[in-house]
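Let us walk through this structure step by step, beginning with a term that will be needed along the way.

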Amino acid sequence: MPRKKITLQDVARAAKVSTATVSRVANGNSKVEPGIQTRVLTAARRLGIDLTSSRKNCSIAFVLGNRDTLNEFQSQVLMGAESYCAQRGWDLQFISFVSDLGIPARRLQLPQALTRKDRVGGVILSGTHSESVLTALRDLRVPFSVLGNNIVGDWRPEEYDCVTSDDVRGASEVTQHLIGQGHRSIYFLGDQRLPWYARCATGYRRTMHEAGLEPSFSEIHSGDRELGYLAAKSLLVNGPRPTAIFAGNDQAAAGVYAALQESGVRIPDDISVTGFNDTIGSVLHPALTTAREFPKEQGQHLAEFVLRRIQNPDLPPQQVVIPTELIRRDSVRSIAASGIGNQKSAKMI
């Protein structure tokens, strides 16, 4: 005997709500209370159906915030998220979003795809966003996940579905590697007004202090490659030259390469260079020592979290911290260790 087809009325009876409420949940209506959404979706799963699969707008928005270009790292995050969504029958829609990072949530103008009646089912936040974007999406009851390394402002990651790279520990490992190769004069290049550079700087600073060494920073503010180029040029002029430069990402390291090679400074014979994120390190010459951040895996987890949130709005916040991996290549040389200083003040150029 053929199995009876499950109807919205069956789900409504099981969840003890109206058929209209079940219909609103199936269509992703944000006006349904999260607790009721969970009850309806749970009842539907017990009956053997997935209400979210029938939604008219079965798509996720990948919102890249405040970036002029889709760089190598963000491209891989996007690819990881798209692959996960496609395997589960969801489309991924790319949106570039530029906002004032200091504006409060009530004045924020979100993209229409996130606010209109037939809006996307959920959102992945990548690129650079403020805490106000998180607040605005939460107020709208839009399911979302966030790449936690790139949020500007005072926020609490444990309150959100958040994927984070363990970049503080990764930067510490890069610094430890340089110290282990005998380097004592190590400069960190990165705009610490931006959270991913600031986090790497934290790991670098902590490890330098633990070794009794003086941390030294560049305070030049520019785009990644330009920052590396300008900071390295300034360092060569102002001296004294360090034996090693730690660039806060591979793109900045590429700028350092250009500046040093243009000035006749050999890598690693004269100055060793490291980067962070391992997006282009293997194609630089010499190949760049860096820390791998696994952006595709980050994208997959971001997609997993938001789809899970759509299906179960009452889940506790989902958290994952992805470790980094030190990738040793040809841009660092070993030198004879000199005495370790105990200076406490940081140098800046």
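A residue is called buried when its relative accessible area is under 20%, and exposed when that area is over 50%. In this predicted model, Cys162 has 0% relative accessibility and therefore counts as buried, and Cys85, also at 0% relative accessibility, counts as buried too.

Cysteines raise the question of disulfides, and a disulfide is a covalent bond between the sulfur atoms of two cysteines. A search of the whole structure finds zero of them. For Cys85, the nearest cysteine sulfur belongs to Cys58 and is 9.4 Å away, while for Cys162 the nearest, that of Cys200, is 16 Å away.

Aromatic rings come next, and the structure holds ten aromatic pairs. One of them joins Phe62 and Phe94, which are stacked, with 6.3 Å from centre to centre and 20° between the planes. Because Phe62 lies in strand β1 and Phe94 in strand β2, this pair ties together parts that are 32 residues apart in sequence. Phe62 is buried, with a relative accessible area of 0%, whereas Phe94, at 39%, counts as partly exposed. Elsewhere, Phe188, Tyr204, Phe217, Phe246 and Phe276 form one aromatic cluster.

Just after α8, Gly239 takes a positive phi of about 45°.

Conventions. Residues numbered from 1 in each chain as written. Predicted model: local features only at pLDDT ≥ 70, side-chain atom pairs only at ≥ 80, totals over all residues. Heavy atoms only, no water. Helix = DSSP H or I, 4+ residues; strand = E, 2+ residues; numbered from the N terminus. Disulfide = S-S within 2.5 Å. Buried < 20%, exposed > 50% of the residue type's maximum accessible area, 1.4 Å probe, protein only. Phe/Tyr/Trp six-rings, centres within 6.5 Å; stacked < 30°, edge-to-face > 60°.
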